[in-house]
Amino acid sequence: MSQVIEFTAILKKVEGGHSASVDFPFNAKELFGTNGNVKVKIMYDDVPHRGLLTNRGGPCHFLGITKALKARIGKEIGDTVHIRLEKDLEERVVDMPADLAIAFETAPEACTAYEKLAYTHRKEYVQWIQEAKRPETRERRIAGTIEKLLANKKEPHAK
């Protein structure tokens, strides 16, 4: 088990979007041995999340908080959140929906492209598919996933 770090922070607005960030008030190099990005397991108040402690330049790091994550933790820009985090040493695996796996059987090149993606991008594709409310939308998103992967798009919302 790695060292658990706790602190309280204020959610700050990220320019040009609906996401937020939290400044990491410690020196990542001293704590984790790197100035680079660090995979972390986080508890925002009592809501678990696996994320990335991202380098802002030099010893400064931050946690990015998407619009969806803000909703999960029930926070808005300017709110205070208690954070407990530790380095994430576990393998990151995205459970592939059965209908996506079936689609990959007919498009093995897309499957290969998907498997080469970073965890975060694989997770984004699966979430995009799973967020569809209607079966027709889900089918379109699976077809769109195949199309985007064949075009080497790393994210489902890439144009």
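This report looks at a helix pair, a pocket and one aspartate in a predicted model.

## Helices H4 and H6

Let's start with the packing of two helices. Helix H4 covers residues 108-116 and helix H6 covers residues 135-150; their axes lie 8 Å apart and form an angle of about 75°. Angles of 65 to 115 degrees count as roughly perpendicular, and H4 and H6 are therefore roughly perpendicular to each other.

On the H4 side, the residues that meet H6 are Glu109, Ala110, Ala113 and Tyr114, while H6 brings Ile146, Leu149 and Leu150. By class, this contact has six nonpolar residues, one charged residue and no polar ones.

## The largest pocket

Next comes the largest pocket, which holds about 1100 Å³ of space. Its lining is made up of 33 residues, and those nearest the centre are Thr66, Thr120, Lys123, Glu124 and Gln127. By class, the lining has 14 nonpolar, 10 polar and nine charged residues.

Which element gives the largest share of this lining? That is H5, with eight residues. Strands E4 (38-44), E5 (47-57) and E6 (60-65), along with helices H2 (67-73) and H5 (119-130), each supply at least two lining residues.

## Aspartate 99

Finally, a look at a single residue. Aspartate 99 sits in helix H3, which spans residues 98-106. With a relative accessible area of 28%, aspartate 99 is partly exposed.

Beyond its neighbours within four places in sequence, aspartate 99 is in contact with Arg138 and Ile142. Aspartate 99 and arginine 138 are 39 residues apart along the chain, and their C-alpha atoms are separated by 9.4 Å.

Definitions and conventions:
Residues are numbered from 1 along each chain as its sequence is written. This is a predicted model: local features need pLDDT of at least 70, side-chain atom pairs count only at pLDDT 80 or more; totals for chains, interfaces and linings use all residues. Side-chain values use heavy atoms; hydrogens and water are left out. Axes are lines fitted to C-alpha atoms, for helices over the stretch in contact, and angles run from 0 to 180 degrees between N-to-C directions. Helices (H or I, at least four residues) and strands (E, at least two) are DSSP runs, numbered from the N terminus. Angles under 35 degrees count as roughly parallel, over 145 as roughly antiparallel, 65 to 115 as roughly perpendicular and the rest as oblique. Contact means heavy atoms within 4.5 Å. Ala, Val, Leu, Ile, Met, Phe, Trp, Tyr, Cys and Pro count as nonpolar, Asp, Glu, Lys and Arg as charged, and the others, Gly among them, as polar. On a 1 Å grid over the protein atoms alone, a cavity is a set of points where a 1.4 Å probe fits but cannot get out, and a pocket is an open set with protein on both sides within 12 Å along at least five of seven lines; lining residues have an atom within 4 Å of a point. Grid points are joined across faces, edges and corners, and a volume is the space filled by probe spheres set on the points. Buried means under 20% relative accessible area, exposed over 50%, partly exposed in between (1.4 Å probe, protein chains only).
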